[in-house]
Amino acid sequence: MATAAPSAASRIAVVTGASSGIGAATARQLAAAGYRVVLTARRKDRIEALAEEINAAGHSAAAYQLDVTDRAAVDEFATAFKTIGVLVNNAGGALGADPIATGDPADWRTMYETNVIGTLNLTQALLPQLEASGDGTVVVVSSTAGHGTYEGGGGYVAAKHGAHVLAETLRLEIVGRPVRVIEVAPGMVRTDEFALTRFGGDEAKAAKVYAGVADPLTADDVADTITWAVTRPSHVNIDLLVVRPRAQASNTKVHRDL
């Protein structure tokens with residue numbers, strides 16, 4: 001089925017966490033699909049470079065430095081728009097892999113603030129503009145961690161469960177209004193930064209996550225999934241789409257050629 005072109009009133013797509021990985025890939029693909037993308041992230045140089053790349057390719061992009069956990073900054077950002085068509089809540093991430101008994105509460109707090117409160121902040125601030133478009137879409141990029149736990153993942157699992165519940169509850173609360181709520185839950189995705197950030201820059205630990213897995217998902221794979229879901233006809237809502245590499249049957253069952 002061909003993708004649906006965005007209408008004039010709904011052609012702006014805001015992507016959080018757009019400085020790298022899934023966020024950057026999603027921005028590129030939504031721009032190619034006809035959206036004017038607004039890139040947000042804390043790293044201003046990264047999103048400005050990406051906006052230049054997208055514009056040079058003949059598409060439309062703008063960069064806006066933003067910390068999604070700063071509610072005052074988010075509210076100010078939202079005043080720039082009368083309508084938007086798509087909000088991709090992608091900003092998030094994992095910190096540490098310690099068991100519950102020794103996990104760092106500061107890491108748990110940071111993960112919850114970014115993955116859940118950040119998503120809440122942007123969704124609350126931009127929901128009026130999404131509704132004003134007459135054809136809005138909220139995307140929550142959660143994780144398979146939001147649907148099943150695993151040892152050493154307690155803090156991240158708790159945060160992504162929170163993101164999942166936010167999407168599920170919002171869908172119930174705004175039914176009948178012209179805004180879809182889509183959750184995309186990726187499994188094992190190999191990006192330049194996710195595992196490295198999780199393990200505090202330890203390259204050996206980060207590499208071990210993907211050891212023996214021939215083809216983990218890429219950021220482009222997930223971006224393709226997000227873009228497909230967003231570009232379905234307006235009456236079609238992809239409530240939840242779980243996407244894993246073929247080698248991964250669950251969070252704890254992965255085929256490795258070692």
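**View 1. E193 and its salt bridge to R46.** E193 is partly exposed, with a relative accessible area of 22%. Here buried means under 20% relative accessible area, exposed means over 50%, and partly exposed is in between (1.4 Å probe, protein chains only). E193 forms a salt bridge with R46, with the closest N and O atoms 3.3 Å apart. E193 lies in the loop between β6 (179–186) and α6 (194–198) and R46 in helix α2, so the pair ties together parts 147 residues apart in sequence. A salt bridge is a side-chain nitrogen of Lys or Arg within 4 Å of a carboxyl oxygen of Asp or Glu. R46 is partly exposed too, at 34%. R43, R46 and E193 are linked in a network of salt bridges.

This is a predicted model: local features need pLDDT of at least 70, side-chain atom pairs count only at pLDDT 80 or more, and totals for chains, interfaces and linings use all residues. Residues are numbered from 1 along each chain as its sequence is written, and side-chain values use heavy atoms, without hydrogens or water.

View 2. Helix α2 (residues 44–56) has 13 residues. Helices are DSSP runs of H or I with at least four residues, strands are runs of E with at least two, and both are numbered from the N terminus. In α2, I47, L50, A51 and I54 are buried. They cover an arc of only 105 degrees around the axis, which puts them on the same side of α2. The arc is that of the directions from the helix axis to the C-beta atoms. The buried residues of α2 pack against α1 (21–32), β2 (36–41) and β3 (60–65). Contact means heavy atoms within 4.5 Å. The face turned away from the buried side carries the exposed residues D45, E52 and A56.

View 3. The side chains of E48 and K44 meet in a salt bridge (3.9 Å, N to O). E48 and K44 are four residues apart in helix α2, separated by about one helical turn.

**View 4. Helix α4 and its bend.** α4 bends by about 50 degrees at L126. The bend is the angle between axes fitted to the seven residues ending there and the seven starting there. A proline, P128, follows within four residues. Just after α4, G134 takes a positive phi of about 80 degrees.

**View 5. R177 and E131.** The side chains of R177 and E131 meet in a salt bridge (2.9 Å, N to O). R177 is partly exposed at 35% relative accessible area.

How values were computed:
Expected span 1.5 Å × (residues − 1).
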